[in-house]
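Please open the model in your viewer and keep the sequence beside it, so that each selection can be followed in both.

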Amino acid sequence: MPRRLPPVLLAGTLLLALAAPSASSDSGEDGPGGHGHGPGTGGKVARLLENAAKATQEYEKGRRAAETQRKKAERLEGVLARQRLELKRLNAELGRIARGQYRSGGGIPYTAQLLLADDPDELMRGQRLALQANLAMNHLIDKTQRAARRVDEDRQRAAAAWHSLDARRVRLAALKSGIEKKLEDARWTLQGEADAQVAAGACRGAVRLDQPSLPQGRAWVAPVETYELSAGFGGSGDRWAHRHTGQDFAVGIGEPVRAIGAGRVVKVSCGGGFGMEVLVQHPGGYYSQYAHLASAAVDQGDKVRTGQWLGQAGTTGNSTGPHLHFEVRLTPYLGSGVDPRKWLAERGVKL
């Protein structure tokens with residue numbers, strides 16, 4: 001299925017902050033001077049979604065850093081092994097030269113060698129060359145030993161950093177798992193509250209969520225940021241008495257649903273096949289519908305801007321799983337829908 005990848009994840013703060021949320025975070029309400037997502041379960045889900053995104057980002061960053069350090073340690077280990085082999089070869093060469101010099105001298109003192117030599121000058125030249133070779137060899141051995149020590153120290157530092165990062169990655173994974181468990185529980189609590197409203201046929205009123213930074217310079221956007229497209233417009237299946245009237249977006253419970261463009265909310269309702277839904281009228285006479293929601297963040301009559309959160313996705317009404325049912329209509333009424341993908345594509349939004 002066509003898939004739009006998520007935008008850059010929300011900028012992460014240190015996960016230590018995530019590990020110890022305030023008491024107001026658990027209740028879903030703002031503390032004094034706090035900056036939360038409004039009261040109730042919907043706000044808690046929105047906050048946990050942000051925390052889960054931050055935790056994922058930090059976990060992936062830690063995992064990549066640990067992998068980089070591990071590879072560095074392995075490379076340094078290889079360099080060190082080669083240096084040790086070279087040092088061993090040099091030591092062997094030095095021993096061979098020393099043995100050769102001993103055999104050529106026969107244990108006779110150098111003064112005696114000069115007296116007995118057929119060509120003393122040649123002997124002296126040989127001795128000078130041997131001395132120079134020894135000095136060069138000793139210098140090379142010292143240099144190799146220093147390099148080996150440096151590589152060994154670097155390897156130990158890299159390995160220590162790798163182990164430290166790996167341990168941090170494990171802690172991040174546990175924290176990430178804990179946040180995701182809380183998120184899953186909060187999502188189904190939110191869904192249960194929404195189901196109760198739909199069963200009663202009455203919405204309890206808007207759950208006012210903090211709004212994100214709205215897109216600049218764009219008149220139209222997709223109704224959700226991160227999604228997979230599922231059932232398309234005009235499709236047929238066992239779930240519909242007639243052809244499918246909109247475009248479905250497979251998203252999780254609690255995912256923010258946003259206005260595709262500026263307009264005015266003309267309907268917020270709970271009950272019927274669409275469950276909890278929001279209907280927005282746009283300039284030019286078109287309407288957009290957002291159905292099967294788990295919460296609504298607007299009330300009838302509200303003016304909305306492009307990208308403003310209208311509510312949170314869910315699975316209320318005649319729904320077989322969490323998703324957003326989205327329609328573009330010529331009138332406020334069911335049956336006047338047009339293909340949402342084509343309609344949005346004409347306005348520069350490609351799903």
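Which residues does Gln289 touch, not counting residues up to four places away in sequence? Keep in mind that this is a predicted model, and begin by selecting Gln289, which lies in strand E7, residues 287-296. Its contacts are Phe274, Glu277, Val278, Leu279, His325, Phe326, Glu327 and Arg329. With one of these, Arg329, the side chain of Gln289 makes a polar contact, side chain to side chain, at 3.4 Å. Gln289 counts as buried because its relative accessibility is 0%, and the cut-off for buried is under 20%.

Next, select strand E3, residues 247-250, together with strand E2, residues 227-229; the two run antiparallel and are joined by two bridges. Here Glu228 stands opposite Ala250 of E3. Then select strand E10, residues 324-329, which also runs antiparallel to E3 and is joined to E3 by three bridges. In this pairing Asp248 stands opposite His325 of E10, and His325 is also among the residues that Gln289 touches.

Finally, turn to the cavity. The structure holds one cavity of 30 Å³ or more, and the largest cavity has a volume of about 50 Å³. To display its lining, select residues including Gln197, Cys203, Arg204, Met276 and Ser295. Strands E5, residues 263-270, and E7 each supply at least two residues of this lining, which divides into six nonpolar residues, three polar and one charged.

How values were computed. Residues numbered from 1 in each chain as written. Predicted model: local features only at pLDDT ≥ 70, side-chain atom pairs only at ≥ 80, totals over all residues. Heavy atoms only, no water. Pairing = 2+ DSSP bridges. Helix = DSSP H or I, 4+ residues; strand = E, 2+ residues; numbered from the N terminus. Buried < 20%, exposed > 50% of the residue type's maximum accessible area, 1.4 Å probe, protein only. Contact = heavy atoms within 4.5 Å. Polar contact = N/O pair within 3.5 Å; in protein donor to acceptor, adjacent residues only side chain to side chain. 1 Å grid on protein atoms, 1.4 Å probe; cavity = no way out; pocket = protein on both sides within 12 Å on 5 of 7 lines; lining within 4 Å. Points joined across faces, edges and corners; volume = space filled by probe spheres on them. Nonpolar A, V, L, I, M, F, W, Y, C, P; charged D, E, K, R; others polar.
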